[in-house]
Every structure is written in structure tokens, then in C-alpha cells.
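Open the model in your viewer and keep the sequence panel beside it. The stops below are given in the order in which to select them.

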Amino acid sequence: MTPRAQALDMLRAVARKDADARIVHHFATDPGRLERMGVEAAGLYLDLSKQAWSAEGFEAAIDLARACDVEGRRAALFGGEAVNNTEGRAVLHPALRAADDADFRALGEPVSKEVAETRRAMARFAADIGSGAETGGTKQPFQAIVHIGIGGSDLGPRLLWDALRPLEPTIDLRFVANIDPRDMAEALAGLDPETTLVVVVSKTFTTQETLANAELAKAWLANSLSPKRMARHLVGVTAAPEKAEAFGCGRTFGFRDWVGGRYSLWSAVSLSVAVALGWDVFERVLDGARAMDQHFLEVDLERNAPVLLALAQVFNVEGLGRHARTVAPYAHGLRRLSAFLQQLEMESNGKRVKRDGAPVDTATGPIVFGEPGTNGQHAFFQQIHQGPQVIPAEFVVVAHTSEAAADAGEGDAPLWSNALAQAQALMLGKTGAEARAEMLAAGVEEAEADRLAPHRAFPGNRPSTTILMDALTPEAVGALLALYEHKTFVEGVIQDINSFDQWGVELGKVLAKAILRDVAAGAPSEGLDPSTAELMKRLMV
Ligand code: F6P
């Protein structure tokens with residue numbers, strides 16, 4: 001038996017015991033619990049003490065991380081080895097937020113100089129647009145940016161903008177992802193082509209949705225601008241610059257194949273956000289992520305925030321069979337966090353084979369879903385509290401919803417008190433006897449109190465993690481997203497899967513093209529399954 005298999009067995013055995021224990025009992029019997037399970041990292045505080053693990057369960061999880069060689073795999077990632085083994089690529093998003101004089105190497109090739117050059121070019125571009133030195137084809141300053149991209153070329157930059165945008169931005173930044181033309185129509189509404197910059201973001205520059213939207217934007221620009229002038233309005237961000245140039249982009253900003261799409265927000269993929277927020281703000285996002293990189297690299301597994309966050313999930317999924325997790329950011333600016341995490345975690349770890357191609361021997365990525373608090377409380381939280389399945393929760397809580405609020409000393413207690421109360425209610429619950437006593441005290445008849453008590457009881461003992469941020473500053477947002485990236489990586493290491501490919505999205509893309517060929521031919525092709533053929537006929541009206 002390998003050390004990993006042994007450690008997995010141990011974790012499962014301890015989890016079986018912990019499944020029957022109450023979290024509150026762990027607090028009562030283990031005075032060091034909060035200190036052991038509360039960690040600080042890059043300005044964030046993580047409280048994992050409301051998870052279902054006992055001290056023994058926690059130790060078993062750390063042992064598992066060690067047996068899976070998380071430390072060795074982490075060194076391989078930062079060392080630029082071919083961690084993405086199905087595509088033979090390094091995975092070096094930390095290089096994108098490293099200091100200018102860093103020396104990262106992808107498969108042995110130095111990359112840091114090029115990263116720094118791209119950053120300088122982005123900073124210049126952002127400054128020139130801000131000052132009006134960079135203008136459109138008719139010499140007017142840019143007032144709006146339309147950012148076109150999907151998946152990793154959309155979710156990260158959109159989240160940054162939502163989290164950090166000023167209330168009255170000087171640049172009107174809009175995002176378009178969906179191939180539904182309505183998305184583009186809404187984005188372009190009210191904009192003037194002569195003062196609008198279109199940034200087309202696609203690592204491959206082959207993505208159907210992005211290219212279709214880029215064509216729509218180009219046609220919109222062409223109504224007002226000659227082809228020569230139009231080039232000043234079209235910027236490409238891609239790992240395939242020749243394709244962006246062929247499309248008509250007057251400027252391109254590059255990144256390399258060692259940047260995965262869902263890990264790319266630190267690169268030129270966030271150009272439009274860096275322009276609209278200002279370069280200094282974007283640099284602070286990178287600083288926050290770099291601080292989390294340092295923490296992940298340097299701190300022992302027992303106190304390592306991404307490692308512990310990953311282990312809590314492994315304990316829930318593998319140990320306790322809890323195959324979903326809800327993420328509730330209590331900050332309007334983080335309202336798209338669960339969408340971002342769905343791609344980050346489910347595209348990375350939604351895998352059924354291990355790195356060597358053999359079937360997985362653990363459960364892999366759980367279903368991630370969520371809504372910002374407090375909205376989610378008035379929707380699906382009923383099921384989290386009283387449904388028969390246990391769904392672990394993750395609360396991301398801010399003391400101040402913006403840097404301005406922090407500077408003004410304005411706390412947001414009505415918001416965060418709800419998060420704390422939810423986590424408390426999930427853990428404590430309420431027995432039927434307590435519910436009954438409350439009703440009797442309120443004057444309810446005994447028979448009625450007996451009838452209602454089961455409905456008004458909460459099982460409790462439902463696990464949660466709380467992540468605290470002082471304020472929604474650029475550094476804190478950068479640290480939070482880097483925390484989740486490393487957490488996702490650690491889970492992949494424990495599951496022994498490649499977190500950095502996404503072959504599962506390919507088949508649908510190929511079949512969509514085949515369906516479009518049938519549509520062009522006017523009929524479903526011979527041999528198509530009857531259900532798809534019938535649906536196609538009904539849609540081809
Ligand atoms: O289809 C999935 C995917 O490849 C994601 O991994 C990626 O983030 C997205 O499509 C967009 O890809 P691109 O940046 O190449 O347009």
C-alpha cells in the first residue's frame with residue numbers, strides 16, 4: 001500500500017467517527033481548536049473550526065497532504081515543470097504577479113523578463129488612455145471599453161471590475177461573453193463607436209462565441225470608421241497574436257501557453273480592467289496575489305491557508321460524502337464569485353481519471369454554487385439549514401465593503417452580522433424540544449406546539465468555513481483569488497489528477513459545429529440520433 005492510500009484510508013476511518021460527533025462538542029473538549037484551525041494569510045483570516053473534523057480528523061487530513069507530496073508538487077508548479085502533463089505545459093500563473101526581477105522558468109525557459117515587458121506595455125497603454133494620449137481613429141479620447149471574452153477570458157476580469165470599480169468610473173467598461181446577440185446589443189447600447197475601444201480577449205483566438213461577438217463589434221465600428229481608423233479601436237489579448245492581427249486588431253498584448261484560461265486574470269487578460277481602474281489599482285491586485293503565493297510557498301502545511309481550505313473540502317467530499325458546497329460572499333462586489341469558482345474548481349477538478357489515466361480513486365470536484373449574501377438566505381438557504389443532505393458552506397465576509405468605506409470608518413455590521421448568524425445557526429441548530437419550549441413561552445397551545453415542533457427544529461451540526469477580509473481592497477481581492485487558485489491545485493494533488501486541462505469541453509464544441517453544418521444544409525444529417533434530429537427540426541423554423 002502506498003503512503004497516499006494508507007493516509008486516505010486513515011482519513012476515511014476518522015471521518016466515519018467524526019460524522020457522528022457534534023462540532024460544538026469538539027469546541028467543548030478541545031480548547032486549542034480555534035487557534036489551530038484559524039489561520040492568517042496575506043491579510044485574510046480563515047476560520048475552519050466550524051468544520052466537522054475533530055483534532056484527529058484535522059491531523060489525518062494534514063497527514064494525507066504530506067503523503068500526497070503537496071510540498072513536492074507545489075515546488076514543481078513554482079519550478080515551471082510540466083505540471084499539466086496531458087498538454088506538456090508548465091503552469092506558471094504565479095509568474096504573472098511576481099516582482100519584475102523574479103526568475104521564473106517554464107520548462108527551463110526564462111519567462112519573467114517577458115512578463116515584466118508586457119506589464120510595462122499594459123501600464124503605458126493604461127496611462128495613455130487615461131491621459132488621452134492614446135485616442136481613437138478620429139482623434140477623440142476613449143470613453144468606453146467593450147471587453148469581449150468568455151470563461152477565463154471573462155470571469156476573472158469581470159469579478160475584479162465588480163469588486164473594485166468606482167461608483168462613477170471615468171471609463172464605461174462593459175463585458176460581453178454570450179453568443180446570444182442580445183448580450184452584445186445591451187453592451188453597445190448608448191455607446192459611440194468613435195470613443196469606444198473594443199478589447200477582444202481569447203487565449204486561443206478560436207473560441208466561437210468570442211469570434212462571433214468580435215465580428216459583431218467590428219461591424220458596429222465599421223459603420224462609423226474606415227478600416228484604417230478602426231484598427232485603433234480593436235485590441236487583441238491572446239496567446240495567438242498572429243490570429244488577432246489577421247482579425248484586424250491594431251494592438252495585441254500577449255501571454256503564453258503556460259497560463260491556463262481560468263488562471264489568467266493576472267495577465268493582459270485584465271487589460272481592460274487595468275485601464276478602467278488605473279494601473280496602480282491593478283498592480284495592487286497583483287501584490288495581494290503575490291503575498292498569497294509567498295504564504296502558500298513558505299508556511300508549514302498545518303498553518304497554510306490554501307492547504308487547509310483544500311483539506312476541509314477533501315474531508316467533506318471524500319470523508320463525509322458531501323458532494324456540494326455553497327459559497328456565499330457577503331459583499332455585493334463579490335457577487336460573481338461563485339461563477340468564477342465554478343470555472344476555477346469545476347473545470348480544473350471535474351475529472352474522472354488520474355494523472356496516469358487510471359480511474360480516480362477518490363471523489364473529485366464537488367458542485368459549487370452560490371449567491372451573494374444576504375440574497376441567498378432568501379432563496380436556497382432553507383435547504384442548507386433543513387434539507388436532508390448536508391451541504392458545507394463557505395462564508396466570505398468583509399468588515400468594510402469598499403476601501404472608501406474603510407477609510408471613512410463605516411463598518412457594515414448589518415451585512416456581516418448575517419453571515420456570522422448563518423454560520424452559527426448551521427452549527428448550533430435548534431432541537432424540537434427547544435422549538436416547542438419557545439412556542440409555549442409565546443403562548444402557543446401545547447397540541448399546536450407539538451404539531452409544529454418538527455417543522456421548526458434545525459438539525460444543526462452543518463459545517464462551514466468563514467473567510468474574513470478587512471475591506472474589499474485590491475490587495476485583499478488579489479489574495480482571495482490566489483487563495484482559491486492554490487486551494488484548487490492542492491485538491492488536484494490529493495486526488496492525483498491534472499487540474500490544468502479541460503478536454504471535457506471539447507466534444508460539445510465539435511458537435512455544435514456539426515449541427516451548424518446541418519443547419520446550413522437545411523436538414524439533420526443521416527444517422528443523427530432521433531431526439532437531436534427532432535429538436536433541430538423544431539428549432540430550424
Ligand atoms: O471552453 C473552455 C475554455 O477553453 C476555457 O478553458 C477558457 O477559459 C474559455 O474556453 C475561453 O477560451 P479562450 O480564451 O481561448 O477564448
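Is Arg-284 buried, exposed or partly exposed? Arg-284 counts as partly exposed because its relative accessibility is 24%; buried means under 20% relative accessible area, exposed over 50%, and partly exposed in between, with a 1.4 Å probe and protein chains only.

Two notes on what is on screen. This is a predicted model, in which local features need pLDDT of at least 70 and side-chain atom pairs count only at pLDDT 80 or more, while totals for chains, interfaces and linings use all residues. Residues are numbered from 1 along each chain as its sequence is written, and side-chain values use heavy atoms, with hydrogens and water left out.

**Arg-284 and Glu-403.** A salt bridge here is a side-chain nitrogen of Lys or Arg within 4 Å of a carboxyl oxygen of Asp or Glu. The pair links distant parts of the chain, since Arg-284 lies in helix H14 and Glu-403 in helix H18 (residues 403–407), 119 residues apart. Helices are DSSP runs of H or I with at least four residues, strands are runs of E with at least two, and both are numbered from the N terminus. Glu-403 is partly exposed, at a relative accessible area of 30%.

**The domains.** Colour the chain by domain: domain 1 is 3–80 + 285–503, domain 2 is 93–284 and domain 3 is 505–540, bounds that come from an automatic or database domain assignment. The C-alpha centres of domain 1 and domain 2 are 33 Å apart. Between them these two domains bury about 2,900 Å², 59% of it on carbon and sulfur atoms; buried area is the accessible area (1.4 Å probe) that two parts lose on being put together, summed over both. On the domain 1 side, select Val-285, Leu-286 and Glu-485, which lose the most area to domain 2, together 24% of what that side buries.

Six salt bridges are found across this interface. For another salt bridge, select Arg-335 and Asp-162, whose closest N and O atoms are 3.5 Å apart. Helix H22 supplies the largest share of the side of domain 1 that touches domain 2, with nine residues.

**Helix H22.** Select residues 474–495. H22 has 22 residues and reaches 32 Å from its first C-alpha to its last, close to the 32 Å expected at 1.5 Å a residue, where the expected span is 1.5 Å times one less than the number of residues. Because 21 of its 22 residues are buried, H22 is largely enclosed by the rest of the structure. Just after H22, Asp-496 has a positive phi of about 60 degrees.

Glu-345 is in helix H16, 142 residues from Lys-487. Both residues are buried.

**Arg-97.** Move to the loop between helix H6 (93–96) and strand S3 (105–106), where Arg-97 is found. Arg-97 counts as buried because its relative accessibility is 0%. Its side chain makes a polar contact with that of Asp-293 at 2.7 Å; such a contact is a pair of N or O atoms within 3.5 Å, where within protein one must be able to donate a hydrogen and the other to accept it, and residues adjacent in sequence count only if both atoms are side-chain atoms.

**Helix H24.** Finish at Arg-538 and Glu-534, whose side chains meet in a salt bridge (2.8 Å, N to O). Both lie in H24 (residues 530–539), four residues apart, about one turn of the helix. Arg-538 counts as exposed, at 60% relative accessibility, whereas Glu-534 counts as partly exposed, at 35%.
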